[in-house]
Amino acid sequence: MKLLDIFGALKKDMDYIEKQLYLAIEDEDDLLSETSLHLLKAGGKRLRPVFVLLGGKFGNYDLQKLQYIAVPLEMIHSASLVHDDVIDDADTRRGKATVKSKWDNRIAMYTGDYIYAKALQQVTKLNNPYIHRILAKAMVEMSIGEMEQIRDFFNTEQSVRNYLLRIRRKTALLIAISCQLGAMAAEASQEVSSALYRYGYNVGMAFQIRDDLLDLFGTEKTIGKPPGSDMRQGNITLPVLFALQEAELREPLLQEIRGIQAGDGTGQEKRAIEMIRGSDGIKRAELLADRFIDKALKALEGLADTASRTHLQDIARFVNKRAY
């Protein structure tokens, strides 16, 4: 099932959110407006705004309030991608040139900072300090996660636990609070917002694991960037960590990874990916993603049996089987 099919019922409200997203970015500075809009115009799944709106369906649904959660969360996500592309020296994102590639690193860093600041301006339009605190804490955790990833570049000795803590901060938390804050802004009960947080957290963990798998199996056309980007950048993902646990594969794979780190340019990346594809690391990562999706679906069981709950169930299943 395509993502657009799942969210067809939200099309009118998502069109409104998309418009507000563009309006929130625009400013009197032409260059900052242009660079900030560059990534937004490349598209994206807009999962976080959708989660906000679906969370709001469990309370007093008010699009005028929910926009001040949905818009800033998508902006925060976008800002983090602009910064990521600088760190990763990435030339493409969503099949388009990155901000750092089209302009330069300095412009890209200030663009990311600008989008973050604009996001904070938006959320302060909601008179709810508790929502502000949750969002601020998530942004702090995201920054820590990014630093952890940089620290662990080419670290083949890191544990699976370290990897899971990192993706919790980098990816899962923002998806979790998208679901939670949508419910909170709609004045849903704490029980409901907590259940939605658990759902979003587990979907977010599965989403990142699937992303890491796609980096090994996807094509540039489907994932919007060259396959094997994680390996080139030194990001040791879950399938790689599992593959390294196989005794007969560990030393040959380590040798290829060291070659990639040294930049020898003699085919190590291709050979490493082939080794990982042939290992049990792929299957083990897929099974762990399945477990997170099972937990996400379990978190929804206590919620009212509505169309919104069905949408959330469908999204969870889509996330775990997506090919882009």
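E187 is exposed in this predicted model, with a relative accessible area of 55%, where exposed means over 50% relative accessible area, buried under 20% and partly exposed in between (1.4 Å probe, protein chains only). The residue sits in the loop between α9 and α10, and its phi is near 65°, a positive value in a residue other than glycine. Because the model is predicted, local features need pLDDT of at least 70 and side-chain atom pairs count only at pLDDT 80 or more, while totals for chains, interfaces and linings use all residues. Residues are numbered from 1 along each chain as its sequence is written, and side-chain values use heavy atoms, with hydrogens and water left out.

**Overall fold and dimensions**

- The secondary structure of the chain comes to 17 helices and two strands, where helices (H or I, at least four residues) and strands (E, at least two) are DSSP runs numbered from the N terminus.
- For 324 residues a compact globule would have a radius of gyration near 20 Å, and the 20 Å of the chain agrees with this; the radius is taken over C-alpha atoms, and the globule rule is 2.2 Å times the number of residues to the power 0.38.
- Taken along the principal axes, the box filled by the C-alpha atoms of the chain is roughly 55 × 50 × 35 Å.
- Among contacts in the chain with a separation of 6 or more, 75% are between residues 24 or more positions apart, contact meaning heavy atoms within 4.5 Å.

**Surface and charge**

- Of the 324 residues of the chain, 56% count as buried.
- The chain exposes about 14,800 Å², of which carbon and sulfur atoms supply 51%; accessible areas come from the Shrake-Rupley method with a 1.4 Å probe, and for residues only the protein chains shown count as cover.
- The chain has 45 positive and 45 negative charges, whose mean positions are 3 Å apart; Lys and Arg count as positive and Asp and Glu as negative, whereas His and the chain ends are not counted, and the place of a charge is taken as NZ of Lys, CZ of Arg, CG of Asp or CD of Glu.

**Helix α16 and its cover**

- Helix α16 (residues 281-299) has 19 residues and reaches 27 Å from its first C-alpha to its last, close to the 27 Å expected at 1.5 Å a residue, the expected span being 1.5 Å times one less than the number of residues.
- The buried residues of α16 include A285, L288, F292 and I293, and the cover over its buried residues includes α9 (160-185), α10 (190-217), α13 (238-244), α15 (268-277) and α17 (307-321).
- L238, placed in helix α13, counts as buried at 0% relative accessibility, and, leaving aside neighbours within four places in sequence, L238 is in contact with V160, Y163, I209, D212, A285 and L288.
- L238 and L213 are 25 residues apart in sequence and 8.3 Å apart in space, C-alpha to C-alpha.

**Other buried residues**

- F154, in the loop between α8 (129-151) and α9, is buried with a relative accessible area of 17%, and has a positive phi of about 60° although it is not a glycine.
- K100, in helix α6 (residues 99-102), is buried with a relative accessible area of 12%; beyond its neighbours within four places in sequence, K100 is in contact with D85, V86, D89, A90, D91, N105 and A108.
- H83, found in helix α5 (residues 63-88), is buried with a relative accessible area of 14%, and its contacts, again leaving aside neighbours within four places in sequence, are A108, M109, G112, D113 and Y116.
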